[in-house]
Amino acid sequence: MTDKIFTFFEKLDRQKQLSIIKNHRNVAVNGSLKIGINNKFILYPDLKKVSIGNGFDIRNSVHIIVQNNATLEIEDNVFMNNFCSVNCLDSIKIGENTLFGENVKIYDHNHKYERTENGLKVSHSEFTKAPVIIGKNCWLGSNVTVLKGVTIGDNCIIGSGCTVFEDIPANSTIVNKQQLKFL
């Protein structure tokens with residue numbers, strides 16, 4: 001009985017999230033969409049545009065936020081694994097056939113800050129913004145973070161745990177290099 005109740009609530013949650021996507025006036029879903037459970041779509045009323053291509057497939061606990069005046073484009077056959085997060089205040093584009101490992105984070109903004117004589121002042125509500133573009137046929141491994149203003153070219157592999165803070169040319173493989181010490 002408990003499994004049936006749990007399944008019922010999972011189905012309700014999926015329907016609610018699909019409703020948020022499909023009923024927004026500035027969102028276009030161009031084909032099939034598959035979503036897991038515990039996902040969260042926060043779509044502000046005056047966002048510019050969200051375009052979701054055919055075959056968008058997300059697993060569980062994925063969070064996608066698109067604020068007012070922002071644009072999110074997800075092309076065909078994009079896959080996001082568990083716990084991914086897309087935070088869009090400006091513009092994010094994800095190319096077709098791109099694959100995200102678990103816990104990938106994308107930010108097209110950063111908190112405004114300034115250093116003063118008294119230390120550091122970080123704004124809680126003001127941001128600097130710059131578009132993020134992820135090319136076609138890319139694979140971002142688990143725990144990758146992509147920061148504002150970055151373009152990742154087509155056919156790139158970004159290894160697990162990388163923080164991408166500058167452009168990556170097409171056909172590149174990027175990995176973190178750590179010196180191993182054996183005691």
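Q: Which residues have the most contacts inside the largest nonpolar core?
A: They are Ile106 and Ile152, in a core of 40 residues. This is a predicted model, in which local features need pLDDT of at least 70 and side-chain atom pairs count only at pLDDT 80 or more, while totals for chains, interfaces and linings use all residues. Residues are numbered from 1 along each chain as its sequence is written, and side-chain values use heavy atoms, with hydrogens and water left out.

Q: What makes a set of residues a nonpolar core?
A: Its members are buried Ala, Val, Leu, Ile, Met, Phe, Trp, Tyr and Cys residues joined through side-chain atoms within 4.5 Å.

Q: Which residues is isoleucine 106 in contact with, leaving aside its neighbours within four places in sequence?
A: Contact means heavy atoms within 4.5 Å, and the partners of isoleucine 106 include Ile92, Ile94, Phe100, Val132, Ile134 and Val146.

Q: Why does cysteine 84 count as buried?
A: Buried means under 20% relative accessible area, exposed over 50% and partly exposed in between, with a 1.4 Å probe and protein chains only; cysteine 84 has 1% relative accessibility, and therefore counts as buried. Cysteine 88, at 0%, is likewise buried.

Q: How do you know that cysteine 84 is too far from the closest cysteine sulfur for a bond?
A: A disulfide is a pair of cysteine sulfur atoms within 2.5 Å, whereas the sulfur of cysteine 84 is 14 Å from the closest one, in cysteine 138, so the two are too far apart for a bond. For cysteine 88 the closest cysteine sulfur, in cysteine 84, is 15 Å away, which is also too far. A search of the whole structure finds zero disulfides.
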